Amino acid sequence: MNALAGTSRNFRLASRLLGLDSKLEKSLLIPFREIKVECTIPKDDGTLVSYVGFRIQHDNARGPMKGGIRYHPEVDPDEVNALAQLMTWKTAVADIPYGGAKGGIGCSPRELSKSELERLTRVFTQKIHDLIGIHTDVPAPDMGTNAQTMAWILDEYSKFHGHSPAVVTGKPIDLGGSLGREAATGRGVVYATEALLAEYWKAVKGLTFVIQGFGNVGSWVARLIHERGGKVIAVSDVTGAVKNPNGIDIPELLKYKEATGSLNGFSGGDSLDPNELLVHECDVLVPCALADVKAKFIIEAANHPTDPEADEILSKKGVIMLPDIYANAGGVTVSYFEWVQNIQGFMWDEDKVNKELKRYMTQAFHNIKTMCQTHQCNLRMGAFTLGVNRVARATLLRGWEA
Ligand SMILES: NC(=O)c1ccc[n+]([C@@H]2O[C@H](COP(=O)([O-])OP(=O)(O)OC[C@H]3O[C@@H](n4cnc5c(N)ncnc54)[C@H](O)[C@@H]3O)[C@@H](O)[C@H]2O)c1
């Protein structure tokens, strides 16, 4: 099942549990606006090349739309649509005053030079500048984009609208980015995990963790779990996987990866077939897409890692799954803090960012649990009913039928 079908299915299940009117259900599902633009740029050799850029603005009932911009050769409008919708529910679950959006350009960023990427980003911004904005739609980095991309968008947008740091988040700190943003998604995943484990009278310390992916999110999760005394017993990325039943020394693995660009050959553990990582015995798996896992808890740090069929099988097996729309909401939550700081023109210290992040993540967990009790459902449906209900309430209060 593709991402759009999977997300829409979860939305519909939540909508039924909430007893939403079928017209409202349909209206909430249809994106507010879909933008598709042609971006033509001269390559460094002078030849012209065209790319297609998208921005799907899903819903703005609760505030400006928010979501990443990805540069990827297979940017598929259906997937962008699903991710935009997920952002609507995610921002509502985290209770930050935003709607949802997502965008991208169908290009291979690794095949473009820095100046070509800059031209492409500027042309894309010129095409959509009057449809995004501080109180309209606030982009952020995603796959294939980074703080530098956001700096170019900010600069290009500001040519039309005046200095507007709050128009994008995930910026470099020197241009108004927030302290703590880089670690925020991983940190949020760990706060979410702690909130979940507390329900079972458990703590990170002493439990075993398997982490799939060792990029921004995975490496921060590993570092913070290790700091709290959790045992990270296996880690994988595209280069391979490493295991150590006594717990991997994560700071050493980070140094090794930094120096060699790979997990292979790390002396603090044995190499492992990355396909076996997901079925490795452990307490907590972060994240997962397979049905025969041996973990007790799965924390969905990645977006949409568990398809609905696997979800059903794992639930029946009694595996507790913390859904993506909550587990990885730390990133967008600190993006919200960045936007608030830009609007206030006042910078917070990192402690304040982390403290507020913990408050939002913990509160969201308790709100999800309340929905689980009210609707007798699992955590995924608890999160979906929480998010969908908030968006539906805002939509009804605004008056949507006129
Ligand atoms: N970065 C954020 O703020 C953020 C926020 C919300 C959600 N997410 C989601 O979290 C996930 C990870 O994002 P990221 O920012 O860490 O990306 P990243 O590109 O920094 O890291 C991805 C990691 O996954 C590894 N990987 C890729 N394919 C793999 C495979 N088949 N098996 C094992 N490892 C594999 C890569 O080697 C890399 O280490 C994505 O699904 C993303 O959408 C990220």
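The radius of gyration is taken over C-alpha atoms, and the globule rule is 2.2 Å times the number of residues to the power 0.38. The structure is a predicted model, in which local features need pLDDT of at least 70, side-chain atom pairs count only at pLDDT 80 or more, and totals for chains, interfaces and linings use all residues. Residues are numbered from 1 along each chain as its sequence is written.

**Exercise 1. Determine whether the radius of gyration of the chain agrees with that of a compact globule.**

Step 1. For 402 residues, the rule gives a compact globule a radius of gyration near 21 Å.
Step 2. The chain has 21 Å, which agrees with the rule.
Step 3. Along the principal axes, the C-alpha atoms fill a box of roughly 55 × 55 × 40 Å.
Step 4. A residue is buried if 20 or more other C-beta atoms, placed from the backbone, lie within 10 Å of its own, exposed if 12 or fewer do, and partly exposed in between. Buried residues make up 50% of the 402 residues.

**Exercise 2. Describe the side of domain 1 that touches domain 2.**

Step 1. The domain bounds, which come from an automatic or database domain assignment, are 33–175 for domain 1 and 178–402 for domain 2.
Step 2. The centres of the two domains, taken over C-alpha atoms, are separated by 24 Å. Their contact takes 23 residues from domain 1 and 26 residues from domain 2; two residues are in contact if their C-beta atoms, placed from the backbone, lie within 7 Å.
Step 3. Helices (H or I, at least four residues) and strands (E, at least two) are DSSP runs, numbered from the N terminus. On the domain 1 side, helix H3 (77–93) and strand S5 (137–141) give two or more residues, and H3 gives the most, with eight residues.
Step 4. This side of domain 1 has 14 nonpolar, four polar and five charged residues. Ala, Val, Leu, Ile, Met, Phe, Trp, Tyr, Cys and Pro count as nonpolar, Asp, Glu, Lys and Arg as charged, and the others, Gly among them, as polar.

**Exercise 3. Characterise the shell around the ligand.**

Step 1. Of the 17 residues around the ligand, Gly213, Gly215, Asp237, Ala302 and Gly331 come nearest; a residue is near if its C-beta atom, placed from the backbone, lies within 6 Å.
Step 2. Helix H7 (216–227) and strand S7 (231–237) each supply at least two residues of the shell, and H7 gives the most, with three residues.
Step 3. By class, the shell has six nonpolar, 10 polar and one charged.

**Exercise 4. Decide whether Trp201 and His304 are buried or exposed.**

Step 1. Trp201 is in the loop between helix H6 (181–199) and strand S6 (208–212), and its phi is positive, about 55 degrees, although it is not a glycine.
Step 2. Trp201 has 6 other C-beta atoms within 10 Å and is therefore exposed.
Step 3. His304 lies in the loop between strand S11 (297–299) and helix H10 (308–316), with a positive phi near 55 degrees.
Step 4. His304 counts as buried because it has 21 C-beta neighbours inside 10 Å.
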